[in-house]
Amino acid sequence: MSDAYNAFLSDIEIPSETAGPLTGVRIAVKDNISTKNIPTTCASKILLGYIPPYDAHAVELLKAAGATIAGKTNMDEFGMGTTTENSAFGPALNPRDTTRVTGGSSGGSAAAVAAGLVPMALGSDTGGSIRCPASYCGIVGLKPSYGRVSRYGLIAYANSFEQIGPMAANVTDTARLFSVIAGGDRRDSTSVDKPYDITGLRADIKGKIIGVPKEYFGEGVDTGVAETVETSIGRLEELGATIREVSLPSIRYALAAYYVTCTCEASSNLDRFDGVRYGPEPEMNLPWHDAYTKVRQAGFGPEVRRRILLGTFALSAGYYGKYYVKAQHAKQLIRRDFQRVLTECDLLAGPTMPNIAPRLGELTADPLRMYQTDILTVPVNIAGIPAISLPCGTAHGMPVGLQLMGRMFGEEALLNAALAFEEVA
Amino acid sequence: MADEEMKVIIGLEVHCQLDTASKLFCGCSADFRADAPNTHVCPVCLGLPGALPVLNKKAIEYALKVAKALNCTIPEEGEFCRKNYFYPDLVKAYQITMGDNPLALGGYIEIEDDAGNPKTVNLTRIHVEEDPGRLVHMGNKERGHYTLVDYNRSGIPLIEMVTEPELSSPKEARRLLNKLRATLEYLDVFDPEKEGSIRVDANISIKGHERVEIKNISSYKGVEKALTFEITRQKNLIRRGGTIARETRHFQEGKGTTTSARSKETATDYRYFPEPDLPVIRVASWVKDIVLPELPDARRDRFMQQYGIAVNHARTLTGDLRLAEFYEDVADVGAAIAASWIADILIGELNYRDMGLSEAAAHTPEFKDLLTLVRDKKITDKAGVDVLRVWLDDLHAGEKKETPAQIVERLGLARESGESFRGIVEQILAANPQAVADHKAGKKGALNFIVGQVMKETKGKSDPREIHAMIAELVGE
Amino acid sequence: MVSENDVLHIAELADIGIATSELGKFTEQFNAILEYFDILDTLAADDELDRPLVNVFREDEVTPSLPQEEALANSHNPEDGYIRAPKVI
């Protein structure tokens, strides 16, 4: 497969064997989703050579639906990043401008769709990892409600936030892919059995109340991006929606709560990569701590190591109460804020990202600044609610994403509104 | 410091494998002991990237049963958490266990102290956690310095019961373990016959000094041995003016000693936090529906009442579920004779041969035939023991050939009446005039000597009581 | 403030190692991020946490395990079915 964008890490095709709703459809799968007999690396050297003996639940469903697995896509190592530059195998390039990043962490999936290499792809979204690259590359990406898609086989970065979700060039394909992967799975204790019925998909936004959180147009949001998104929100109003300004004051805790929780969980999740059962071989004649340290120091990239260290620190004796416990209470405040405004409103709208796709290398030197670009995506992961990024125009010549956020398990209304917007966008 | 002032304080953390069909967080079979290594593993219990745990309901039901039997309180909410540390047996580099919100709090166990008085030992908590894999080879010069691991055990459900530091001797610790084992066995949640199904960590200190933890003792005898060694070590150190270091020590089963663990192993900061892959459990309301079976103490009391046997026999017989059931199967031969033959003779003979009760219990009718022969005075007690030994030797060798009656027949052990031995008694009295004189002079032991000579001559077929009577008649009291 | 020594200690705890050359930069970034986290410390933590899900169980039913060769396939030089790991003594 010609891949000028470094979108794929492996392009082994697994043709479908059954007929189903996705027969003949080629689907790219992010490389943190376990695929039987196909290398799954999370774009990390620590998983070089690992060939999973099992399929993720979502992959089983794709196969059963007749889809062809078109290969595994590039990403930020273990999902840790906002640009797909933190890949051990080089950054993915934005098909709209190859001097710019795709966004991350599902950058390879976004690039593959945006470049027309595949019509659909699976990504995963922990703090914006589907919506950010969808926004930067000008495609559609849905972060499902927490629990609506099984995480079984999704290699964990931050368990309490992440979901596998669909990415596609348009809302209908996004919904088609979602209808295949949504639903309960007894192998994931946090899974909720709520399938999505594609036959209910129709353009529907008239009469809906759409809240616009003022915090989504605050400091740090590029004025070009803000203008494009405001214009799009005007379109929603023209379509018959009622626009209402709302406030989510506890969002100011969101980034800290997000990064504390996800680094804590990640530090624990990633401790299993010691080379013994899979991955690069440790030196067996060294004492285990020393052998593990060598494998892990060589195998993890700088951002992964930074987050493991942060998480290890935040969980260590004397700091757990200050960081992790407080982050859980911040999460609860944020969840309740969203619940409150989503009682008054049917949906929320705002920009997906505060900016357009940065140039390669622009953010890598300053991790905190990179973390801050997640400010508009992470609140949704904390609240657990679904959100979709829709192409809504350009700023500075690059795509801008409109983010629509729905009620918990309200993907039906969310996709219907998205379809209505897409028809006029 | 005088020895009697050195008060010993012991607390135990007892881990028992719960006898479920599948593992704690996956469907792999928990019945792994007879199988090849790494054949009872799946993505979940191998910790493969992306796999997720799902909690086995039966494990929680079993643990609740134990909690109810041990009089614990069940908090409204229980929460699994991750205990993070690196070791080759731990596939995820964290153990899923319970931290601040365990399954059960409090509770107590009744035992006897070293003077035989009742003693209540309080429990701190009970929780459920997963077993790690097993290191089978630690490396050596010949085979190279590496470790070999079998992950079949990874994910087996464990229940951990933590006592308050209220035990004051190794024997008390042993009795507490026996009581716990019996209770779990009665509850039908635990199989003590399975190798490594119980493991103990012991905290031990001398009052006023630092506490030492002894990790991973894997036998009942080991606990008593490790504690006895450790008490001597600590007391000697204190007597010499040394200081007890707060540390973790490993028990060397073979040598019966404890050795200090390296500091890097023990300096671990476990970084506990709630397991995000498992929702909390709310099971307090389940407890009222749990029907407990008769437990060891209740059965002991019933045995005393129903069979009229002594407390020490009743305690021994009910201290092990299979033993108690075996006794009840045998008791119709005679409650008293069954109790003393099982508690005082059979157990010892089995232990001597390193046999399990099940080997004898598989032939209960023959054991009953043997007791019947003794009860009906067809053979003497001594001959009965001889027959039992031959019978057990055969069973143990796996070549059972003869019934007890056949053994009696073959060895000619059938009891004969005292009159047939009168000639032998007279001969022995004549041959031992000094002993007869001593007996007449009231010297204790002289009569026993004479009886012993007669027993020897009659090859145990005579009844010592009859012989006593005959000697008394012949020489006068 | 977190010192370079703290970062070294954490790196040891996480079996992750850290090169002397990167220690200074890591510590600096670490402190900037932790300072950002401090906003959480202004929150009370006395509210009871919501539990969207409770009591999720599976029945005690045995399901097939992996064949041994698949269980060992990603490990290094397994011996007699055992997985090889670094030494522990």
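Q: How many salt bridges are counted between chain C and chain A?
A: The model is predicted, so local features need pLDDT of at least 70 and side-chain atom pairs count only at pLDDT 80 or more, while totals for chains, interfaces and linings use all residues. Residues are numbered from 1 along each chain as its sequence is written, chains are lettered from A and ligands numbered from 1 in the order in which they are written, and side-chain values use heavy atoms, leaving out hydrogens and water. With a side-chain nitrogen of Lys or Arg required within 4 Å of a carboxyl oxygen of Asp or Glu, the salt bridges between chain C and chain A number six.

Q: Which residue of chain A meets Asp38(C) in a salt bridge?
A: The partners are joined through their side chains, with an N to O distance of 3.4 Å. The residue of chain A that meets Asp38(C) is Lys322(A).

Q: Which element gives the most to the side of chain C that touches chain A?
A: Across this interface there are 23 residue pairs in polar contact, both residues at pLDDT 80 or more (N or O atoms within 3.5 Å; within protein, one able to donate a hydrogen and the other to accept it, with sequence neighbours counted only if both atoms are side-chain atoms). On the side of chain C, α1 (4-13), α2 (20-37) and β2 (83-85) each supply at least two residues (DSSP runs numbered from the N terminus: helices H or I of at least four residues, strands E of at least two). With nine residues, the element that gives the most is α2(C).

Q: What area is buried between chain C and chain A?
A: The contact (heavy atoms within 4.5 Å) takes 47 residues from chain C and 60 residues from chain A. Carbon and sulfur atoms give 65% of the buried area, which is the accessible area (1.4 Å probe) lost on putting the two parts together, summed over both. Asp15(C), Ile16(C) and Asn74(C) supply 14% of what chain C buries, more than any other three residues. The total between chain C and chain A is about 4900 Å².

Q: Is Asp15(C) buried or exposed?
A: Asp15(C) is found in the loop between α1 and α2 of chain C, and its phi is near 45°, a positive value in a residue other than glycine. Its relative accessibility is 1%, where under 20% is buried, over 50% exposed and in between partly exposed (1.4 Å probe, protein chains only). Asp15(C) therefore counts as buried.

Q: Which residue of chain B meets Asp271(A) in a salt bridge?
A: Between chain B and chain A, 36 residues of chain B are in contact with 39 residues of chain A. Pro49(B), Phe86(B) and Arg271(B) supply 22% of the area that chain B buries there, more than any other three residues. The count of salt bridges is two; in one of them, at 3.5 Å from N to O, Asp271(A) meets Arg271(B).

Q: How many residues apart in sequence are the parts that Phe326(B) and Phe367(B) tie together?
A: The two rings form a tilted aromatic pair, 5.4 Å centre to centre with 45° between the planes (ring centres of Phe, Tyr or the six-membered ring of Trp within 6.5 Å; planes under 30 degrees stacked, over 60 edge-to-face, the rest tilted). Phe326(B) is buried at 2% relative accessible area, and Phe367(B) is buried at 0%. Because Phe326(B) lies in helix α7 (residues 321-330) and Phe367(B) in helix α10 (residues 364-375) of chain B, the separation of the parts in residues is 41.
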